[in-house]
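Please look at the sequence and the structure first, then read the points below.

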Amino acid sequence: MRVAGRLAAEVLNFIEPYVKPGVTTGELDDLMLNHIEKEQHAISACLGYHGYPKATCISVNEVVCHGIPGHLKLREGDIVNIDVTVIKDKYYGDTSKMYVVGGHTSERNHQLIKCTQEAMYAGIRTVHSGSNLTEIGDAIQKVADRYHFSIVRDYCGHGVGSEFHEAPQVLHYRNNFDLLLQSGMTFTIEPMINAGTWKCKVNKKDGWTATTADHQPSAQFEHTLVVTDEGCEILTLRDDEDFPRLLNNLKN
Ligand code: MF3
Ligand code: CO
Ligand code: CO
């Protein structure tokens with residue numbers, strides 16, 4: 001899991017310099033697939049997953065998740081989530097982050113991205129052996145409420161390990177899905193937060209692309225983590241993050 005997580009995170013670093021105005025999402029996907037297969041000797045978990053046609057998900061502006069890479073050209077000011085899941089030696093690593101094309105976007109978009117990353121970290125800070133899964137949704141909800149943004153309810157985090165999506169479902173909003181966490185459990189926290197309504201709709205033609213119902217922007221961050229006695233270890237942490245890999249959440 002550590003190896004798979006490190007590789008997934010490394011794909012997000014690798015692609016960063018290519019996320020520029022004028023590039024198409026299909027070109028980015030090709031670059032990442034090549035990197036995963038030829039450099040990492042790993043497998044894209046997305047390609048062929050329930051018929052998904054590409055190696056990664058690239059979700060631009062009002063696309064909430066599962067954006068299918070294609071002919072869309074990125075433009076200055078677009079906010080883009082790239083979600084990468086790799087399989088290495090039978091284990092999965094799943095992570096995503098936001099990119100701002102050209103580095104500048106609206107203040108509201110910057111706030112949305114900041115809120116979503118903070119919300120993910122707040123969820124992560126609740127995790128330890130003996131904590132309740134519901135604490136994650138509580139923590140994320142508090143952050144989203146403070147920013148007056150809304151949390152997507154149609155998609156959730158998930159157990160991950162030797163399969164892509166395992167139990168439990170990890171809800172990102174306040175909920176009563178009680179489950180006591182135990183050391184060694186591995187799952188994702190991946191809040192999708194919308195500037196406007198939390199409601200989404202899935203593209204009927206492709207069956208995948210989820211957009212906000214009101215076409216306002218959406219942001220997402222995702223990490224894979226493992227529960228430890230006193231906190232958790234983030235298996236997909238990157239160097240550009242100002243956040244520890246190993247957390248002691250008992251003292252919080
Ligand atoms: N990586 C996504 C997740 O975080 C799932 C993508 S499934 C795909 O769970 F088929 F759309 F790639
Ligand atoms: Co995931
Ligand atoms: Co993912």
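Helix H1 (residues 2-15) and helix H2 (residues 25-39) pack with their axes 10 Å apart, at an angle of about 135 degrees. The model is predicted: local features need pLDDT of at least 70 and side-chain atom pairs count only at pLDDT 80 or more, while totals for chains, interfaces and linings use all residues. Residues are numbered from 1 along each chain as its sequence is written, chains are lettered from A and ligands numbered from 1 in the order in which they are written, and side-chain values use heavy atoms, leaving out hydrogens and water.

**Terms for elements and axes**
- Helices (H or I, at least four residues) and strands (E, at least two) are DSSP runs, numbered from the N terminus.
- Axes are lines fitted to C-alpha atoms, for helices over the stretch in contact, and angles run from 0 to 180 degrees between N-to-C directions.

**H1 and H2**
- The angle of about 135 degrees between the two helices makes H1 oblique to H2; angles under 35 degrees count as roughly parallel, over 145 as roughly antiparallel, 65 to 115 as roughly perpendicular and the rest as oblique.
- In H1, Glu10, Val11, Phe14 and Ile15 meet Leu28, Leu31, Met32, His35 and Ile36 of H2, where contact means heavy atoms within 4.5 Å.
- The residues of this contact of H1 with H2 divide into seven nonpolar, one polar and one charged (Ala, Val, Leu, Ile, Met, Phe, Trp, Tyr, Cys and Pro count as nonpolar, Asp, Glu, Lys and Arg as charged, and the others, Gly among them, as polar).

**H3 and H4**
- The axes of helix H3 (residues 107-124) and helix H4 (residues 134-147) come within 8 Å and cross at roughly 155 degrees, and H3 and H4 are therefore roughly antiparallel to each other.
- The contact of H3 with H4 involves nine nonpolar, two polar and three charged residues.

**The sheet**
- Three strands form an open sheet in the order E6-E10-E13, with antiparallel pairing; two strands pair if DSSP finds at least two bridges between them.
- Strand E6 (150-151) and strand E13 (218-220) are the edge strands, each pairing on one side only.
- E6 pairs with strand E10 (residues 192-194) over two bridges, and isoleucine 151 has isoleucine 193 in E10 as its bridge partner.

**Threonine 228**
- Threonine 228 lies in the loop between strand E14 (223-227) and strand E15 (231-234).
- Threonine 228 has a relative accessible area of 17% and is buried (under 20%; exposed is over 50%, partly exposed in between, with a 1.4 Å probe and protein chains only).
- Not counting residues up to four places away in sequence, threonine 228 touches His128, Ser129, Ser183, Glu233 and Leu247.
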